[in-house]
Amino acid sequence: FAYYYYSTKAGTPHFYPLLTFPRFHFYTHTQRSVLVKFLLFIRQRRKKTRMSDSEVFIGSIDQGTTSTRFIIYDRLARAVGSHQVEFTQFYPQAGWVEHDPMEIVESVRICMARALDKATANGHNVDSGLKAIGITNQRETTVVWSKSTGLPLYNAIVWMDARTSSICRKLEKELPGGRTHFVESCGLPISTYFSALKLLWLLDNVEGLNEAVKKGDAIFGTIDTWLIWNLTGGVENGLHVTDISNASRTMLMNLKTLEWDKSTLDTLGISAKMLPKIISNSEIIGNIAKGWPITGIPISGCLGDQHAAMVGQSCRKGEAKSTYGTGAFILLNTGEEVIKSNHGLLSTVAYKLGPKAPVNYALEGSIAIAGAAVQWLRDSLGIISSASEIEELASKVSSTGGVYFVPAFNGLFAPWWRDDARGICIGITRFTNKSHIARAVLESMCFQVKDVLDSMHKDAEAKSDKTEFLLRVDGGATVNNLLMQIQADLLGSSVVRPADIETTALGAAYAAGLAVGVYTEDEIFASGEKLKQATIFKPVLEEELRKKKADSWCRAVSRSFDLADLSL
């Protein structure tokens with residue numbers, strides 16, 4: 001009963017037994033011929049599909065606080081080409097941080113061109129295989145510009161900028177709900193962190209801006225909006241949109257309706273005319289216009305950087321991730337329910353992967369200064385000449401020697417929310433050297449993450465959900481093995497680092513690819529396979545010492561309060 005079918009595997013005739021095919025020996029000759037032809041057809045289709053997969057690519061713009069990247073991914077979500085450039089940071093006054101919006105646009109243009117060149121040089125036919133572009137960006141950073149000229153009306157005010165502290169105090173005194181007046185609608189407290197307050201400062205301080213708003217010429221956006229407007233034509237009918245994750249960080253979007261909240265706009269005196277349209281994180285937005293290294297390709301994914309990292313890390317309900325960049329941001333997916341925190345965390349959107357897809361929400365703890373403290377050691381103190389040197393320097397000592405560093409350069413975010421705090425370094429003795437300080441800087445990043453995770457545990461316990469969080473980590477700083485080990489030690493639980501730590505760009509690529517059919521949700525959230533390739537850091541610090549260090553850290557944090565006036 002040995003029957004065979006013909007195959008062209010590897011271009012050479014081969015024969016394979018069909019004995020395993022059900023009841024094949026009972027078929028007529030004609031039926032066998034039809035079956036063989038059908039099997040050959042399926043084989044060829046699979047071969048063609050595999051070939052086409054290798055020629056499918058998704059691009060991802062990752063516009064961060066200190067640099068811009070463009071990464072090209074293949075069908076299997078492997079990076080095949082990338083380029084990164086840093087751009088200028090402006091510090092006009094103490095606590096003020098600005099970017100040049102035009103320089104950001106140019107950085108995207110450069111990264112696109114260079115990444116395409118690199119991928120092509122590596123033998124990838126990206127020009128014909130690129131199917132879509134995704135965008136992820138630094139959140140809250142605020143831009144206003146002219147529709148008619150395409151030029152910014154002021155520098156971008158960066159998310160960590162603290163110039164709006166007086167506006168915050170004024171609103172807290174005037175509004176009946178005080179600092180939490182808008183929490184019910186947007187999930188956010190009144191803080192220098194969020195875009196609405198930065199926009200109020202611009203309206204109060206930029207000459208001619210209010211008049212331009214009345215004429216309908218001045219428009220507002222976060223960095224995603226600014227980039228999409230430029231990419232889709234700018235003054236030539238550029239699209240004025242934002243996604244729900246970025247909109248949720250302005251303090252102006254209602255978390256339930258996913259629309260601009262009229263009551264909030266009226267209270268703050270902000271015109272709805274200058275606001276972008278809110279869309280989902282995964283849908284075809286528009287095509288890239290002429291004048292860019294890539295043209296005619298759809299932009300089909302857009303998420304704020306921390307929300308993109310949640311998608312890149314495959315975080316479903318009950319799963320948390322921590323991204324270590326300029327700041328550090330810990331998000332816990334709470335599913336389709338908005339959970340209010342009683343321990344200093346923010347309620348926010350996680351993601352909405354399609355116009356008709358359900359919304360996932362999150363609890364977030366935002367840390368203003370993480371990797372930025374390492375940059376400070378490099379650029380301001382000269383203790384290191386490159387960020388990568390801190391691991392070796394800090395490894396020269398086994399502890400900080402009692403030194404604690406609190407990087408409250410512009411105040412403290414979650415869970416403390418103290419904009420009157422300022423940076424301190426305490427516990428210094430004659431024994432202290434630069435290695436102790438370097439290690440204290442690394443510990444400060446990990447202590448802040450622990451503070452946020454402790455708050456998340458308390459909120460989760462209040463919901464009777466006592467499942468331990470699996471902390472997934474990502475971001476450039478996670479290449480530092482010492483940092484990751486310190487984090488595991490201070491948490492007393494394991495830390496999981498994926499093989500690809502640039503999950504922010506990957507998340508934007510996933511969202512874009514999902515909208516055009518390149519990726520499926522099952523593939524995106526197949527976390528089991530990703531964990532097999534991850535590196536796991538397990539705690540080795542004794543529990544008694546862990547608690548002692550945590551208590552000392554909390555005392556150090558309290559010493560940083562009420563210091564803002566000392567800088568006057």
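Colleague: At what angle do helix α2 and helix α8 pack, and how far apart are their axes?

Modeller: Keep in mind that this is a predicted model. Helix α2, residues 101-121, packs against helix α8, residues 223-231, at about 65°, and their axes are 11 Å apart. The crossing of α2 past α8 is right-handed.

Colleague: What makes you say that α2 and α8 meet, and which residues do it?

Modeller: The test is heavy atoms within 4.5 Å. On the α2 side, P101, M102, I104, V105, V108 and M112 pass it, and they meet I223, W226, L227, N230 and L231 of α8. Sorted by class, that contact has 10 nonpolar residues, one polar and no charged ones.

Colleague: Why is the pair of W145 and W226 called edge-to-face?

Modeller: Two numbers decide it. Ring centres have to lie within 6.5 Å, and planes over 60 degrees apart count as edge-to-face. W145 and W226 come out at 5.1 Å centre to centre with 65° between the planes, so by that rule the pair is edge-to-face. The structure holds 19 aromatic pairs, and this is one of them.

Colleague: What does the pair of W145 and W226 tie together?

Modeller: W145 sits in strand β8 (residues 142-146) and W226 in helix α8, so the pair links parts that are 81 residues apart in sequence.

Colleague: Now the empty space. How do you know where it is?

Modeller: You roll a probe the size of a water molecule over the atoms, and that shows where space is left empty.

Colleague: Which residues line the largest cavity?

Modeller: There are 13, with L412, F413, A414, W416 and Q448 nearest its centre. β18 (360-367), α14 and α19 (543-559) each give two or more residues to that lining. It divides into 10 nonpolar, two polar and one charged.

Colleague: And what about the largest pocket: how much space, and which residues are nearest its centre?

Modeller: A pocket is an open set of points, unlike a cavity. The largest pocket holds about 950 Å³ of space. Its lining has 42 residues, with Y324, G325, T326, G476 and A477 nearest the centre. α12 gives the most, with five residues. By class, that lining has 14 nonpolar, 19 polar and nine charged residues.

Notes
Residues are numbered from 1 along each chain as its sequence is written. This is a predicted model: local features need pLDDT of at least 70, side-chain atom pairs count only at pLDDT 80 or more; totals for chains, interfaces and linings use all residues. Side-chain values use heavy atoms; hydrogens and water are left out. Axes are lines fitted to C-alpha atoms, for helices over the stretch in contact, and angles run from 0 to 180 degrees between N-to-C directions. Helices (H or I, at least four residues) and strands (E, at least two) are DSSP runs, numbered from the N terminus. A crossing is left-handed if the near helix is turned anticlockwise from the far one by less than a right angle, and right-handed if clockwise. Ala, Val, Leu, Ile, Met, Phe, Trp, Tyr, Cys and Pro count as nonpolar, Asp, Glu, Lys and Arg as charged, and the others, Gly among them, as polar. On a 1 Å grid over the protein atoms alone, a cavity is a set of points where a 1.4 Å probe fits but cannot get out, and a pocket is an open set with protein on both sides within 12 Å along at least five of seven lines; lining residues have an atom within 4 Å of a point. Grid points are joined across faces, edges and corners, and a volume is the space filled by probe spheres set on the points. Rings of Phe, Tyr and Trp (its six-membered ring) pair if their centres lie within 6.5 Å; planes under 30 degrees apart count as stacked, over 60 as edge-to-face and the rest as tilted.
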